[in-house]
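This report describes the structure shown below.

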Amino acid sequence: MNDSKLPHDALPVPSRFDIAKHLQAVPRSGIRDFFEIVGTRKDIISLSIGEPDFPTPWHIREASVYALDRGATAYTANLGLLELRREIARYTRESFGAEYDPGSEILVTVGVSEALDLALRAVLNPGDEVLYHEPCYVSYAPLVQFAHGVPVPVATSRDNGFRLDRAMLEAKLTPRTRVLMLNYPNNPTGAILAPDNTRDIAAFACEHNLLVVTDEIYSELTYDEPRCSIVAEPGMKERTIFLNGFSKAWAMTGFRVGYACAPPDLTEAMMKIHQYTMLCAPILSQKAAIEALRSGGNDLATMREAYRQRRNVLRKGLEDIGLPCVLPGGAFYAFPYIGDFGLSSQEFAVRFLEEEKVACVPGSAFGASGEGYLRCAYAADLDDIREALRRLAAFAGRL
Amino acid sequence: MDELLRLLKTNARASAADLAAMLNLSEEAVRERIADYEKDGTIRGYQAIVNDDRLDLDRVQAVIEVKITPEREGGFDRIASRIGKFPEVESLFLMSGTYDLLVFLHGRTLRDIAAFVSEKLATIEGVVSTSTHFMLKTYKTNGVLMDKEPTDERLKVTP
Ligand SMILES: Cc1ncc(COP(=O)(O)O)c(C=O)c1O
């Protein structure tokens with residue numbers, strides 16, 4: 001993001017070379033646009049930060065420092081350190097009830113970001129359609145396009161708690177549909193799937209022979225109900241690429257480490273891309289990840305409780321202001337509806353920033369069906385959340 | 001531990017309204033529970049955590065390991081309660097291992113501490129021996145680091 005420091009009026013230097021057509025078709029990230037509007041302003045409260053405000057727990061950082069001290073500076077196996085893959089296998093078994101073989105079914109990646117890219121590139125042929133819920137994480141549609149696939153968003157709204165159901169999926173199904181992408185707990189809505197939803201969606205995937213790519217990066221952060229993963233549904237393991245990572249659960253965004261679990265042929269296919277493009281995830285991050293899985297249970301509990309309390313404060317505050325908001329069951333986002341003020345979500349966010357110096361991301365950054373909403377991340381200091389709520393009340397009162 | 005207590009342990013100044021919102025309780029319920037904890041002695045007080053090293057205090061802190069012979073009746077408790085009544089004793093613990101009581105003590109000068117040990121502590125019947133250590137610098141106390149950790153600036157907007 002260094003180039004965001006360029007003066008805004010700097011024109012791109014014209015190039016003799018055309019940019020690849022399928023890349024030209026991909027719009028810039030709405031988050032990126034908003035980042036540039038916020039710029040380097042220091043005097044603002046930001047509820048726009050989609051990453052934990054906790055530093056990585058010390059014992060995890062220390063594991064990395066220790067490894068560096070001991071000279072861990074080399075490549076690892078393409079799949080990742082076997083020790084880490086074993087820990088991942090144990091963790092996914094204990095947490096999600098899914099058995100994966102560390103030797104052939106687990107690939108350590110540079111964050112879930114890379115894993116998403118690998119999963120799509122490994123399976124899509126040009127023109128293949130990918131179903132995914134919208135609003136959704138900013139990278140989904142672009143990654144599908146980079147892989148020469150066709151993104152097919154399924155709009156969700158507050159009326160259905162931002163959950164997918166079978167009828168919505170059926171409506172978008174075509175003979176070219178190959179993949180269904182899921183992200184629950186969800187960025188940006190905080191929605192989680194109920195067990196019966198999950199069962200329905202699994203049945204739908206089986207019936208239509210779809211591959212499911214499930215991004216469960218927020219799985220440790222659920223506040224009211226225990227997490228449930230689609231991979232545990234009958235018949236799903238063989239048609240699922242299960243993605244998870246360390247960024248959110250253990251506050252390790254800068255370490256850039258995550259993983260994909262999938263049947264051996266799919267893992268092998270992803271590995272083929274990974275070995276040539278990335279070679280391996282950074283060794284120091286893998287060492288830290290081992291420590292997180294081995295002894296990071298207490299950190300999870302502490303951070304989860306802190307997020308839960310912030311969520312409660314934010315939701316009550318939004319309720320008091322009169323902004324409808326689906327109770328976010330997971331992740332660290334609330335997605336209140338602001339569509340009744342006669343402003344687009346972009347206008348609302350920009351005016352809120354300018355008039356009250358609070359940054360929240362406009363819902364439209366997460367796809368067309370995010371229009372009318374505002375993403376408020378509560379991975380922020382409680383006092384900041386309270387102050388942001390006071391300012392939101394003042395701002396909404398003036399509109 | 002009750003989450004309410006845990007929150008108060010990290011920030012005793014949190015208002016009942018704030019605690020209520022965080023815990024999804026009514027303000028009234030929070031006030032009542034705190035009052036109950038105060039009444040039954042679970043909550044014994046509220047204090048600021050001060051970095052004494054930043055103040056120009058005439059103050060010395062010491063830790064004293066004390067060996068005692070337990071009494072037939074009362075074990076260690078009677079002697080401990082005698083020691084605990086001295087206002088210069090800040091904390092006092094019964095320990096397992098090679099000594100019995102650990103005393104955290106403050107005084108104005110080294111001499112104050114020495115006088116306390118030789119005149120007050122060592123003369124208590126049942127005290128067999130003492131071993132005094134002076135504290136030089138506080139890095140962390142009550143779970144709080146005395147130097148704020150530098151935090152890396154996070155980007156203001158991330159996906
Ligand atoms: C839904 C979702 N998937 C993936 C990512 C990227 O995660 P990583 O840091 O593991 O690349 C994010 C980060 O915001 C996210 O919200």
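## The contact between the chains

How much area is buried between chain A and chain B, and what share of it do carbon and sulfur atoms give? The buried area is about 2000 Å², and carbon and sulfur atoms give 55% of it; buried area here is the accessible area (1.4 Å probe) that two parts lose on being put together, summed over both. In chain A, Phe35(A), Ile49(A) and Gln309(A) lose the most area to chain B, together 23% of what that side buries. Chain A brings 31 residues to the contact and chain B brings 16 residues, where contact means heavy atoms within 4.5 Å.

One salt bridge is found across the interface of chain A and chain B. Asp18(B) forms a salt bridge with Arg386(A), with the closest N and O atoms 3.2 Å apart. A salt bridge is a side-chain nitrogen of Lys or Arg within 4 Å of a carboxyl oxygen of Asp or Glu. The interface of chain A and chain B also has nine residue pairs in polar contact, both residues at pLDDT 80 or more. On the side of chain A that touches chain B, two or more residues each come from α2 (30–38), α11 and α13 (382–398) of chain A. The most come from α11(A), with six residues.

## Basis of the model

This is a predicted model, in which local features need pLDDT of at least 70 and side-chain atom pairs count only at pLDDT 80 or more, while totals for chains, interfaces and linings use all residues. Residues are numbered from 1 along each chain as its sequence is written, chains are lettered from A and ligands numbered from 1 in the order in which they are written, and side-chain values use heavy atoms, with hydrogens and water left out.

## Domains

Chain A is divided into domain 1 (21–56 + 299–398) and domain 2 (74–296), with bounds from an automatic or database domain assignment. The C-alpha centres of these two domains of chain A lie 25 Å apart. Their contact takes 40 residues from domain 1 of chain A and 37 residues from domain 2 of chain A. Between them about 3200 Å² is buried, and carbon and sulfur atoms give 60% of this area. In chain B, the assignment gives domain 1 (3–40) and domain 2 (52–141), and the C-alpha centres of these domains of chain B lie 34 Å apart.

Two salt bridges are counted between domain 1 of chain A and domain 2 of chain A. Arg311(A) forms a salt bridge with Asp224(A), the closest N and O atoms being 2.7 Å apart. On the side of domain 1 of chain A that touches domain 2 of chain A, α1, α11 (297–321) and β9 (333–334) of chain A each supply at least two residues. Here α11(A) gives the most, with seven residues. Helices (H or I, at least four residues) and strands (E, at least two) are DSSP runs, numbered from the N terminus.

## A loop residue

Arg28(A) lies in the loop between α1 and α2 of chain A. The side chain of Arg28(A) makes polar contacts with the side chain of Asp33(A) at 2.7 Å and with the side chain of Glu36(A) at 3.4 Å. A polar contact is a pair of N or O atoms within 3.5 Å; within protein, one must be able to donate a hydrogen and the other to accept it, and residues adjacent in sequence count only if both atoms are side-chain atoms.
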